[in-house]
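Hi,

Here is the structure I promised to pass on. Have a look at it first, and then read my notes below.

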Amino acid sequence: MAAVALAALGVVGLGQAPASAAPNFQVPFKCGVTVTAATFSGHNPANSVDFQKDGITGMPVLASAAGTVTRVANEGNTSYGRWIELDHGGGWRTRYAHLSTQTVSVGQKVSQGAKIGTAGATGGVTGPHLHYEQRQNGTVVKAKLNGVAVPYFAKTPFTSKNNCSGNPYTPTEVCGSGYSVIDQKGLSGAGTVYLLYNSSNKNNCVVTLKSTSLGKASPTAAFLEVQGGKRTTDSGDFTYYAGPVRQEAGATCVKWGGSVGSQSYESPFEHCG
């Protein structure tokens with residue numbers, strides 16, 4: 001049988017591995033963020049994508065598919081600068097370059113939408129952006145994002161659908177390093193209010209994470225009141241969360257709570273030690 005006929009039947013030659021379907025790669029930014037996917041003739045490597053956006057420096061960069069971290073490197077002021085590579089299996093890998101920070105380590109398994117670093121302008125660049133590659137068996141291929149082919153050669157807006165099934169933020173990410181969740185209260189499906197504590201500086205922190213109308217501004221609030229002191233509140237129309245609201249409490253009782261839309265919670269004075 002001719003090789004063409006064999007190929008038509010999906011039969012591969014001896015020693016040739018069958019092609020593996022690509023993961024459903026997503027825009028490597030948080031749900032709802034719109035970036036420009038810029039592709040250039042003569043881009044090195046060919047078929048790479050530069051994601052551009054005003055104020056991109058410091059924006060969280062997310063895994064565009066689940067995988068394992070294979071490289072966390074720093075080329076200094078040349079080439080990729082700070083960059084990360086993920087292995088997604090089946091010969092598929094992605095690379096993320098010119099990062100300002102890297103928040104994963106080699107061998108770490110990450111889920112789709114997990115934060116792996118922040119965008120920046122390290123390496124051989126003229127301005128901040130995220131250099132991105134989709135690789136199959138070592139070759140950079142033309143990228144697809146959520147099943148949509150990226151146009152070559154053009155500048156095309158893409159709105160991220162990465163991890164849109166849930167709030168892309170965590171309470172510890174909002175409150176910052178050193179905080180741990182000590183209590184939480186659900187708001188009837190509209191969101192969750194979290195109380196966190198930092199044992200090193202004796203600070204409490206409250207944040208309300210939305211679970212509805214994600215990416216759209218809607219009334220959300222978080223408050224914290226240390227017994228004997230004034231209540232501090234963060235309220236407004238927010239896209240993902242209200243807070244962080246921080247106050248030093250130590251062994252003093254606190255009252256905490258928050259709201260999303262009409263759903264609200266207010267605790268009694270508690271957590272007194």
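What follows is a short tour of the domain record, the disulfides, the cores and one set of strands.

Before anything else, please keep in mind that this is a predicted model.

Let's start with the annotation. UniProt, in an unreviewed entry, places a feature called "domain: M23ase beta-sheet core" at residues 57-141. In the model, that span is 55% strand and 0% helix, and its end C-alpha atoms lie 26 Å apart.

Next, the disulfides. A search of the whole structure turns up 2 of them.

One is formed by Cys175 and Cys205, with 2.1 Å between their sulfur atoms. The link of Cys175 and Cys205 is left-handed, with -85° about the S-S bond. Cys175 sits in helix α2 (residues 171-175) and Cys205 in strand β16 (residues 203-210), so this bond ties together parts that are 30 residues apart in sequence. Are these two cysteines buried or exposed? Cys175 is buried, at a relative accessible area of 3%, and Cys205 is buried too, at 0%.

The other disulfide joins Cys253 to Cys272, with an S to S distance of 1.9 Å. Here the pair links distant parts of the chain, 19 residues apart: Cys253 is in the loop between β19 (241-248) and β20 (254-260), while Cys272 is in the segment after β21 (263-266). The torsion about the S-S bond of Cys253 and Cys272 is about 115°, so this disulfide is right-handed. As for accessibility, Cys253 is buried, with a relative accessible area of 14%, whereas Cys272 comes out as partly exposed at 35%.

Now for the inside of the protein. In soluble globular proteins, nonpolar side chains tend to be buried together. Which residues touch the most other members of the largest nonpolar core? They are Phe29, Phe51 and Ile116, in a core of 32 residues. The elements that give two or more residues to this core are β1 (34-38), β2 (49-52), β5 (82-89), β6 (92-102), β8 (115-119) and β9 (130-136). The largest share, 3 residues, comes from β6.

Leaving aside residues up to four places away in sequence, Phe29 touches Val35, Phe51, Ile56, Met59, Pro60, Val61, Leu62, Leu130, Ser160 and Asn162.

Finally, have a look at strand β15 (residues 191-198). This strand is mostly covered, with 7 of its 8 residues buried. What does β15 pair with? On one hand, strand β14 (residues 180-186) pairs with β15 in the antiparallel sense over 6 bridges, and Val181 stands opposite Leu196 in β15. β14 and β15 form a hairpin with 4 residues between them, and Ser188 in that turn has a positive phi of about 50°.

On the other hand, 8 bridges join β15 to β16, and these two strands also run antiparallel. Thr192 has Leu209 in β16 as its bridge partner. β15 and β16 form a hairpin as well, with 4 residues between them; in this turn Lys202 has a positive phi of about 65°.

Cheers

Definitions and conventions:
Residues are numbered from 1 along each chain as its sequence is written. This is a predicted model: local features need pLDDT of at least 70, side-chain atom pairs count only at pLDDT 80 or more; totals for chains, interfaces and linings use all residues. Side-chain values use heavy atoms; hydrogens and water are left out. UniProt positions are given in the numbering used here, feature names are shortened, and annotations may be inferred rather than shown by experiment. A disulfide is a pair of cysteine sulfur atoms within 2.5 Å. Buried means under 20% relative accessible area, exposed over 50%, partly exposed in between (1.4 Å probe, protein chains only). A nonpolar core is a set of buried Ala, Val, Leu, Ile, Met, Phe, Trp, Tyr and Cys residues joined through side-chain atoms within 4.5 Å. Contact means heavy atoms within 4.5 Å. Two strands pair if DSSP finds at least two bridges between them.
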